[in-house]
There are 2 protein chains.
Amino acid sequence: MSEIRIDTPADAAAEPSHDQDDRLTPEFVRAVIDHVERGEADAARALVAPLHPADIAVLFELAPSESRRPLAAALADLLGGDVLAEMNDWVREELMEALAPHEVAEIATQLDTDDAVAIIEDMGEDEQRAVLRAMEPDDRAAIEEALSYPEESAGRLMQRDLIAVPEHWAVGDVLDYLRRNEDLTTDFWEIFVVDAGHHPVGTCKLSWILRTPRNIAVSDVMQREQTLIPVDMDQEEVALRFQKYGLISAAVVDPNGRLVGMITVDDIVHIIQEEAGEDILRLSGAGDGDINEPVLDSYRSRVRWLIANLGTALVASTIIGLFEGTIARMVALATLMPIVAGVGGNAGTQTMAVTVRAIATNKLTQANTVRSIMREIRIALLNGSTIAAVIGSGVALVFGNGALGAVIAAAMMTNILVAGLAGVLVPVTLDRMDVDPAVSSSVFVTMVTDSMGFLAFLGLATLAGLAG
Amino acid sequence: MSEIRIDTPADAAAEPSHDQDDRLTPEFVRAVIDHVERGEADAARALVAPLHPADIAVLFELAPSESRRPLAAALADLLGGDVLAEMNDWVREELMEALAPHEVAEIATQLDTDDAVAIIEDMGEDEQRAVLRAMEPDDRAAIEEALSYPEESAGRLMQRDLIAVPEHWAVGDVLDYLRRNEDLTTDFWEIFVVDAGHHPVGTCKLSWILRTPRNIAVSDVMQREQTLIPVDMDQEEVALRFQKYGLISAAVVDPNGRLVGMITVDDIVHIIQEEAGEDILRLSGAGDGDINEPVLDSYRSRVRWLIANLGTALVASTIIGLFEGTIARMVALATLMPIVAGVGGNAGTQTMAVTVRAIATNKLTQANTVRSIMREIRIALLNGSTIAAVIGSGVALVFGNGALGAVIAAAMMTNILVAGLAGVLVPVTLDRMDVDPAVSSSVFVTMVTDSMGFLAFLGLATLAGLAG
């Protein structure tokens, strides 16, 4: 099994650039960097030139941080906007800091508005202003307008180059218009039909235009039912619409319903990947960081959650403290108590992950919340019985103490049930409060399962007079 | 902020069907089910008819399990293949079980091969054979061929309806061919140019065809550099290619390099969402389940991980057992030890999530593994120092015991460092062994951080003679 990419001949050189998973090989990356370090810029360029822009971006990501600027200097003419648009945010920022404003401006003008905005939006205000000043007035206006929309909104994602035609045109008029106007974009998959006020009234797939005789009116072939994206819609919502309705492109409209831009699915594919990935990272308390995030940024976002976690651990610790007398009389309880808390925590995490995903994909709504809670209770009863039976009988046998076995079984059952409830209720409640459930569910769920694990086990042990 | 969908007039009825997040309202779902329960099928159909197929699919997902079959009976004529293709796998299976093979066959023949396969592939073998027997020979052959490829491979995802033209054609020939052959698909965004042996030699965006004069050869406008997808490639790899190269559609080739199908981005959008979501669920030990999975299936996949977790908790418990004498002499150690294990576990989960995502998106390769490990060590040193300082000084003050503070600080530092290492090394090692790191990293990382937390804290306390 191997992927075939038809590239320029240099790709067939001795050193294969890709492994069978389409990743750049470490040997290839090393070879390029070695050339750069030895000052052999031409040799480095010869290796890199055949690569797809997306792979050139990956090359920079894979290169050690200290090699990136020399690499950029050696490959300057290959480092176009298409490469930068594909590059990891952190790596790109690092490179952009080394460039003069007019160089950034030059790169930005080669790009679609959405890609140019992606490059410029992360810069400091002063640098941003310097770059904008260095641009042509038209480009600058387009980018300034995009920057006026909130971050991660449709307005930042959309491109302004699109094909819009009046509804009274025939298919032939569209064909002539497209053929005669050479400076129109070629980056479109559908054309938008608008009324006199520039409100979209329908969409035509290009395949329909191609298959329809010239004299038919576009209003007869267009699809009237369309998904319009308000310019201030959050990108995650936009991605959900694209997915739900299987869209290739969609018209973006201003608050007056006028067509102001277009979003295409290739931009959305990145968003879906990012947003789903963000949920894992947030759920794990790792912020939004990826492996290219600067160490200090990662530290700042992660240490906050570790401190929050320290807080919840202190709550659990305080609960254990209430039972010091019991533990002093029966040290085995200290040995066993982390099992109840740990397995409960795991059960809570399972439910929480399922719930957070369901909320993120709009599958868990008010219409089925109660049903989901009932479902988790039933799963928790099954899981709880199984685990309680295993650990209860095991402890009873190993410690030769049936009462201790019964106590740990009951505590485990209780904690898994509580974990199941917390795993649904915490994210659902956060979502109702308009807090992203992926961000802070873990802390609350862990606090509940830790505290309840120790409380149930040590409390039942005390009540049962085990440490009499 | 509200999305505008131009739907048929019934959508403007008293009861709004969608909330501002484009989710069906609980009131709407309730209203439809009430009509069905009261036997008012016409009223139910009137409410549902204006909905997009994707929303009809959601309606079934949101309806309680016991209402789904009556709902299907009432809405039979609205329950087309496009609705079923959008529906959650579990919900669809439930409905399909109620249908006769010839009904399933009839639905499947309305669909593109890829959607038909998605519906049929989950059925039992006997039912599958019965459905295939009820289909037209052509449709049956296409589906049987698709089913001959591995599950989740490109062969199952691809559709066979595509536009392929010989390389000697001019643009005008393509236009005539498309206009004259009415039974060609309209579901395409690019056309493929093939040589005499049906090997793809290039791709043409429709926008190029539209903008090029009739007499130009397609071989002059086509893009020769293209990403070809081998028919047995895993769908996750396919999704990565689409994302990396910004593809709208791609040619699928057999082992001889002949064009056998086409994959379009709208199918890939679902895969990306699914695969990224799967990683969260797997990392949390929740299997592949979503909120529609039957309770017994969820139980089976989750209980396995709880039992594995029980195993790792027993290891940790055994380590605590080694120090029973120390704990008996100083019960405060039992109170504090879960803090060291818990915060360490959290730090390990952070690193693990970042690493698993980086592996899944091909961003962590042999070229930057060492660098990633060094990066995590530096973050762990920062996190460890901060948390150790906070907990160490806190414990020293509260317990009035500087030695105890120093011991918990040293143990915390050690465990966070070990957690950072395990968080990278476990998933990277699993990946090298061709095991999905999302599936089993958690168990190993938790075992390491739990065991090391107790060992470091209780061991150092014993060495320091704290409980003397």
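A residue is called buried under 20% relative accessible area, exposed over 50%, and partly exposed in between, with a 1.4 Å probe and protein chains only. By that criterion Y177(A) is partly exposed, with a relative accessible area of 24%. The model is predicted, with local features needing pLDDT of at least 70 and side-chain atom pairs counting only at pLDDT 80 or more, whereas totals for chains, interfaces and linings use all residues. Residues are numbered from 1 along each chain as its sequence is written, chains are lettered from A and ligands numbered from 1 in the order in which they are written, and side-chain values use heavy atoms, with hydrogens and water left out.

**Aromatic pairs**

Over all chains the structure holds 2 aromatic pairs, where rings of Phe, Tyr and Trp (its six-membered ring) pair if their centres lie within 6.5 Å, and planes under 30 degrees apart count as stacked, over 60 as edge-to-face and the rest as tilted. The table sets out both pairs.

| Pair | Centre to centre | Angle between planes | Class |
|---|---|---|---|
| W169(A) and Y177(A) | 5.3 Å | 70° | edge-to-face |
| W169(B) and Y177(B) | 5.3 Å | 70° | edge-to-face |

In chain B, Y177(B) is partly exposed, with a relative accessible area of 24%.

**Relation and contact of the chains**

With contact meaning heavy atoms within 4.5 Å, 145 residues of chain B touch 146 residues of chain A. The two chains bury about 13000 Å² between them, 62% of it on carbon and sulfur atoms; buried area is the accessible area (1.4 Å probe) that two parts lose on being put together, summed over both. In chain B, L210(B), R211(B) and I291(B) lose the most area to chain A, together 7% of what that side buries.

**A sheet in chain B**

Strands are DSSP runs (E, at least two residues) numbered from the N terminus, and two of them pair if DSSP finds at least two bridges between them. In chain B an open sheet of 3 strands has the order β2-β3-β4, with mixed pairing. Because β2 (164–166) and β4 (200–205) of chain B stand at the edges with a single partner strand each, one side of each is left without a neighbour in the sheet. β2(B) and β3(B) (residues 190–194) pair in the parallel sense over 3 bridges, and A164(B) stands opposite F192(B) in β3(B).

Key
Helices (H or I, at least four residues) and strands (E, at least two) are DSSP runs, numbered from the N terminus.
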